[in-house]
Protein chains: 2
Amino acid sequence: MKTLKAALVQQSCSEDTSGNLSNSITAIREAARLGAQLVVLQELHAGPYFCQTEDTRCFDLAEPIPGPSSDRLAAVARECGVVIVASLFERRAPGLYHNTAVVLEKDGTIAGKYRKMHIPDDPGFYEKFYFTPGDLGFVPIDTSVGRLGVLVCWDQWYPEAARLMALAGAELLIYPTAIGWDPHDTAEEQERQRDAWITIQRSHAIANGIPVISVNRVGFEAAPDSSGSGIRFWGSSFAAGCQGEILTQAGTEGEQLCMVEIDLTRSENVRRIWPFLRDRRIDSYQDLIKRYCT
Amino acid sequence: MKTLKAALVQQSCSEDTSGNLSNSITAIREAARLGAQLVVLQELHAGPYFCQTEDTRCFDLAEPIPGPSSDRLAAVARECGVVIVASLFERRAPGLYHNTAVVLEKDGTIAGKYRKMHIPDDPGFYEKFYFTPGDLGFVPIDTSVGRLGVLVCWDQWYPEAARLMALAGAELLIYPTAIGWDPHDTAEEQERQRDAWITIQRSHAIANGIPVISVNRVGFEAAPDSSGSGIRFWGSSFAAGCQGEILTQAGTEGEQLCMVEIDLTRSENVRRIWPFLRDRRIDSYQDLIKRYCT
């Protein structure tokens, strides 16, 4: 049995970028001490979720990759001998920014980057203002712990993204994410949303016969407009096996480090008896590249 | 609020084709009495699941559509004034057979057919022997109760199929299905499989913002080879709303008629705040029509 020991770092963030990164690094070191080979951080873990408003000053938070934050994390990857999936606000050129996941190899080199392809925009999540849609495509990143299908947050609602990563040989899907409740919604609506978010990601594991790791931020962040509104990030970070079965899950409140051991041999075993890739009707999927068909 | 009252008919089947159809018809009449506008039957409800073995004599079970069974169901559709989704073994030509869903309008006319596109084949489910893969594509069927995205069983594992139906304007996904346990599997494996089956179908509702109805057969059917093996069909027929929330669900044992009222206005409301169709990266989905990318 070939296994992978992974860690999920569910965090709350303050305005203090350096302090947030220090918290992440503390968790990475603890994860390594517990035997982790792979550590996954949540979306934009270096600060509060700034997309609750459209403010040009927020672009000052962006950094090149490589840059100060990725360098700091790279040093920890090397120090601890772990692969790290980090999520940073990338400054690519003046006026050109991406929501980018960077994968740091255990020797501190950059194994690869993924620029968020699907960009949301709805009240409180004004991402289309900040993030240019990714142009690197759905390309898994090769690392010493396997070929990682790294996607980011809103991508999680798209079966196409997961499928493309699987078709390109991803052995594991990874979603750094930042999703939460509007506190004005009813408890029933809030639970439907959280459950839908878990269900759709478990379904990517099932459809593709590969495990999924999703790491979400946690805690309340007030909107900067002092309207009293804000987002209660629901945590619930989890890992699922290749039949979608939950292997570990964090709570909806509070920071948490979740360790999980993933059996990497199960994927081929499950795919042999549920051979979904064998039977895809690629002769009849042309309309998937249309916006709509009526 | 525009609603649709639908009925799910979860059945066990004997060797008696006429008796099985009579059971279906009794349930359809009861559903109509309870106010159903749409009645969904399970996959191949006219008989036992014959694909547990490869036997040329089973082709004798196939019928043209229209044909005796569809005529009988059409008469009931007209009598009760309900739309019926039936699932028949279609004889299209000598030596050419399909696993076909037929939708009967409430006036007894045939609203349309869907020929199962994804054909499974694994021990106990030798469908590739019997069923030519469908050639009608993923085309929803217009009826008096809406545009129905009818798919069949194995299709349920393919997000592509659900997406294509949604892109073609389907307002509701419908899966007649016949899936069950190998009694030799452990209880844990059995539960993982059933839960995966529910999860993947709920995910199609979520990804596309439309409700899902899935109707499965129930009960044990011994393999015809008298090896003592067989399939325990797990029932669990269900309807889910457009956030994947379960609206009704049948048990794992025993025949059951489930009634459900679906709010058809919720789909657009949910899509407005979760506008997944807006953000699909159709410029980067070309590889979905490849078998594999490495």
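## Salt bridges

Over all chains of this predicted model, a search of the whole structure finds 44 salt bridges. One of them links B:Arg202 to A:Asp195, with the closest N and O atoms 2.6 Å apart. B:Arg202 belongs to helix α5 of chain B (residues 187–208) and A:Asp195 to helix α5 of chain A, so this pair joins two chains.

Another salt bridge is formed by the side chains of B:Asp195 and A:Arg202, at 2.6 Å from N to O. Across the interface of chain A and chain B, eight salt bridges are found by the rule.

## Extent of the interface between chains A and B

The size of an interface is often expressed as the accessible area that is lost when the parts come together. Between chain A and chain B, the buried area is about 5,500 Å², and carbon and sulfur atoms give 61% of this area. Three residues, A:Arg281, A:Leu288 and A:Arg291, supply 12% of the area that chain A buries against chain B, which is more than any other three residues.

In terms of contacts, 58 residues of chain A touch 58 residues of chain B. Between the two chains, 37 residue pairs are in polar contact, counting pairs in which both residues have pLDDT 80 or more.

## Composition of the chain A side

Three helices of chain A each supply at least two residues of the side that touches chain B: α4 (159–167), α5 (187–208) and α6 (266–273). The largest share of that side comes from α5(A), with 11 residues.

Sorted by class, the side of chain A that touches chain B has 29 nonpolar residues, 10 polar residues and 19 charged residues.

## A six-stranded sheet in chain B

Chain B contains an open sheet of six strands in the order β5-β4-β3-β2-β1-β15, and the pairing in this sheet is mixed. Its edge strands are β5 (110–115) and β15 (256–263) of chain B, each of which pairs on one side only. From one strand to the next, the twist averages 30 degrees.

Strands of a sheet pair through backbone hydrogen bonds, in either a parallel or an antiparallel manner. In chain B, strand β4 (residues 96–104) and β5(B) run antiparallel and are joined by five bridges. Within the sheet, B:Leu104 stands opposite B:Ile110, a residue of β5(B).

Notes: Residues are numbered from 1 along each chain as its sequence is written. Chains are lettered from A and ligands numbered from 1 in the order in which they are written. This is a predicted model: local features need pLDDT of at least 70, side-chain atom pairs count only at pLDDT 80 or more; totals for chains, interfaces and linings use all residues. Side-chain values use heavy atoms; hydrogens and water are left out. Two strands pair if DSSP finds at least two bridges between them. Helices (H or I, at least four residues) and strands (E, at least two) are DSSP runs, numbered from the N terminus. Axes are lines fitted to C-alpha atoms, for helices over the stretch in contact, and angles run from 0 to 180 degrees between N-to-C directions. Contact means heavy atoms within 4.5 Å. Buried area is the accessible area (1.4 Å probe) that two parts lose on being put together, summed over both. A salt bridge is a side-chain nitrogen of Lys or Arg within 4 Å of a carboxyl oxygen of Asp or Glu. A polar contact is a pair of N or O atoms within 3.5 Å; within protein, one must be able to donate a hydrogen and the other to accept it, and residues adjacent in sequence count only if both atoms are side-chain atoms. Ala, Val, Leu, Ile, Met, Phe, Trp, Tyr, Cys and Pro count as nonpolar, Asp, Glu, Lys and Arg as charged, and the others, Gly among them, as polar.
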